[in-house]
Amino acid sequence: MGARFSILWLYLFNRWLTFFPFQSPRLWLLRRMLGRMGMAPSVLMGLEVRNPTNIELGDHVVLNRGVLLDGRGGRLSIGNNVDIAQEVVIWTLEHDVHDDHNQAVGAPVAIEDFAWIGHRAIIMPGVHIGRGAVVAAGAVVTRDVAPMTIVGGVPAHQIGRRRSGLKYTPLHRPWFQ
């Protein structure tokens, strides 16, 4: 009964409750589901979570529309003041393409403070994104990203260095989103 209830609850959350047009109910539910949730997050409509007890959010995290957070293959840790754009997918689990039986393999993902993940970027299992790093829109990140590095492309590679004092706090709370 317990596992079935959890699957039903996750289905209701991912397919119905995350589309409620006010953030307060989403935040209230997420606070009870996630492994840890910091202060003043912003969670826009359409968030999807998988195995939420393995997901940790820091303070002032912005999760825009349609973000997918996967905690099935290991811990997904997102630091403070992280901005994650629309339709970003962060995986901790994938299939081993070299395995005869298509077995799933997982690894934790860590995103440090002040990272910025662009629109429709994909973060693969086992990746560590350093403090202040920027992942460009559409990038597929398969390797670690050093602090203050800007990466883009498929697979993602360094395209620049960030020059910022990192003194901001993301505050993105639009109405009815």
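**View 1. Arg15 and Glu48 meet through their side chains in a salt bridge, with 3.3 Å from N to O.** A salt bridge here is a side-chain nitrogen of Lys or Arg within 4 Å of a carboxyl oxygen of Asp or Glu. Because Arg15 belongs to helix α1 (residues 2-15) and Glu48 to strand β3 (residues 48-50), the pair ties together parts that are 33 residues apart in sequence; helices (H or I, at least four residues) and strands (E, at least two) are DSSP runs, numbered from the N terminus. The model is predicted, so local features need pLDDT of at least 70 and side-chain atom pairs count only at pLDDT 80 or more, while totals for chains, interfaces and linings use all residues. Residues are numbered from 1 along each chain as its sequence is written, and side-chain values use heavy atoms, leaving out hydrogens and water.

**View 2. Glu48 also forms a salt bridge with Arg50, whose closest N and O atoms are 3.0 Å apart.** Glu48 counts as buried at 14% relative accessibility, whereas Arg50 is partly exposed at 24% (buried means under 20% relative accessible area, exposed over 50%, partly exposed in between, with a 1.4 Å probe and protein chains only).

**View 3. Asp70 and Arg72 meet in a salt bridge at 2.7 Å, N to O.** Asp70 is buried at 0%, and Arg72 is partly exposed at 40%.

**View 4. Strands β18 (residues 149-152) and β19 run antiparallel and are joined by four bridges.** Ile150 stands opposite Gly160 in β19. Two strands pair if DSSP finds at least two bridges between them.
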